Amino acid sequence: MKRELVIVIDFGGQYNQLVARRVRECNVYCEIYSYKTDIEKIKEMNPKGIILTGGPNSCYEDGAPTYTKELFELGIPVLGLCYGAQLMQHILGGKVEKAPVREYGKTETKFDTNSKLFEGLSDESIVWMSHFDYISQVAPGFKSVAKTNDCPVAAAENEDKKLYAIQFHPEVLHTVNGKEILANYVYNVCGCAGDWKMDSFVENSIQAIREKVGDGKVLCALSGGVDSSVAAVLLAKAIGKQLTCVFVDHGLLRKNEGDEVEAVFGPDGEYDLNFIRVNAQERYYEKLKGVTEPEAKRKIIGEEFIRVFEEEAKKIGAVDYLVQGTIYPDVVESGLGGESAVIKSHHNVGGLPDFVDFKEIIEPLRDLFKDEVRKAGLELGIPEYLVFRQPFPGPGLGIRIIGEVTGEKVRIVQDADKIYRDEVAEALKAHKDATGKEADWKPDQYFAALTNMRSVGVMGDERTYDYAIALRAVKTIDFMTAESSQIPYEVLNKVMNRIINEVQGVNRVMYDLTSKPPGTIEME
């Protein structure tokens, strides 16, 4: 089927998948390729537009990622973002230098709204900057069309050749009109019609799974989270009883969650699945004893998952495929999405051991972001209360407990987290009952984590030396960027009082205000 295509060329930036996601939001199909992709392959694909991503290097240094000048002479519109903007200017004769003032974070920016990129936007707005270098002189034929107090070329264009350079990141939510800027590029500059839709994803996936699996047996790693639940139901609709779902209770779940997962997917649940629950709490605690480094914990948890699956597979006979709910952000942050640096290994991506005793791993959701996974879940008929459940990481509380994981620490964070989630849910319900509307502070994800910090306190006139709990709540659409949720003080104060009074071993509660970036949503 012939369709419009925009290509993202990845130079190692952490937002490469997010750029592609924003293009897809414009109903234009988008694929990502490494900067090492040959120009002839680019020509064969005949894209409507090409976007160059950011990256961690300086384009003028020896060995820095680059591309052939021919890319800018194909007559195809090219948009450079951050490093991509600097590289475009460097290759075409402009000047890029170390910036006298580094810009990072939200930055007031002035725009020339005569540019096709900024058509219909305000002439002043907030953008997200993240750069050490800057364009000190534009290439011949270009002119500056945006600036900040410290950056004279926040954007530049050569309209005749359809070449555009943007120093900031329009793809992240922190840039106020970022979506509109990319939409202007896709429609105004590239001339796309926007006729690609996600409607047929489920149907196409079911057909592809049937063709791949044939009459083979499949084992699904079911955690009960949104991603693995959607993957499980998708596979169940495709191959029915050829699928066996294994739920590993590793003792790192939220309070009562193991029983809740079994109630939904088990023998008495609403889905006709082969369901096996493996209680492996002590096995995991033993493996994690003395381990404090986050990546090491992720690797151990990931490998143990696979080993449990292999053991269960042998019990039920030969199994050909393993299914996992891997999604785009997992791939990006594990450093497997092109040229990106590793942020953290996910247990179902970078955390896998070298040897896996299955013919192949099937990842039907690998190309989707979280909100797209939810849409697929609704399309599959999964109830809303499951589809919109808070995401929970594969390593579970293992990465919400800073430092060594023990059964006692798990108890502490489970109890604190339950209080926090209950009180926030109650406050949200009360607000909606009173106003008829959702609270504007409603977080998309919130949880309690156990820090490795112990501090002096006083309870009942006696000195205590106990742990500090950190509360986290964020608002986000794609889970690639996030802002701290402004939960009302009275709600946080009630949570604090309950945790300190009801959870033994805690004498201090803190609220994490960090956005993503520079932080991640999870603690580790």
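Trainee: Across which strands does helix H6 (residues 226–239) lie?

Mentor: This is a predicted model, in which local features need pLDDT of at least 70, side-chain atom pairs count only at pLDDT 80 or more, and totals for chains, interfaces and linings use all residues. Residues are numbered from 1 along each chain as its sequence is written, and side-chain values use heavy atoms, with hydrogens and water left out. Helices (H or I, at least four residues) and strands (E, at least two) are DSSP runs numbered from the N terminus. Helix H6 lies across E10, strand E11 (243–249) and E13, and runs at about 160 degrees to E11. Such angles run from 0 to 180 degrees between N-to-C directions, with axes fitted to C-alpha atoms, for helices over the stretch in contact. Contact means heavy atoms within 4.5 Å.

Trainee: In what order do the strands of that open sheet of 5 strands stand?

Mentor: Two strands pair if DSSP finds at least two bridges between them. Here the order is E12-E11-E10-E13-E14, with parallel pairing. Strand E12 (274–279) and strand E14 (360–362) are the edges, each pairing on one side only. From one strand to the next, the twist averages 25 degrees. Strand E10 (residues 218–221) is joined to strand E13 (residues 321–323) by 3 bridges, and Val-218 stands opposite Tyr-321. Helix H5 (residues 201–213) also lies across E10, E13 and E14, at about 165 degrees to E14.

Trainee: How is the packing of helices H13 and H14 described?

Mentor: Two packed helices are described by the angle between their axes and the distance between the axes. The axes of H13 (residues 407–435) and H14 (residues 489–502) come within 9 Å and cross at roughly 150 degrees. H13 and H14 are therefore roughly antiparallel (under 35 degrees counts as roughly parallel, over 145 as roughly antiparallel, 65 to 115 as roughly perpendicular, and the rest as oblique). Residues making the contact include Ala-416 and Tyr-420 of H13, and Val-491 and Arg-498 of H14.

Trainee: How many aromatic pairs does a search of the whole structure find?

Mentor: A pair of aromatic rings is described by the distance of the centres and the angle of the planes. Rings of Phe, Tyr and Trp (its six-membered ring) pair if their centres lie within 6.5 Å; planes under 30 degrees apart count as stacked, over 60 as edge-to-face and the rest as tilted. The search finds 8 pairs. The rings of Phe-11 and Tyr-35 have centres 5.6 Å apart and planes at 15 degrees, so this pair is stacked.
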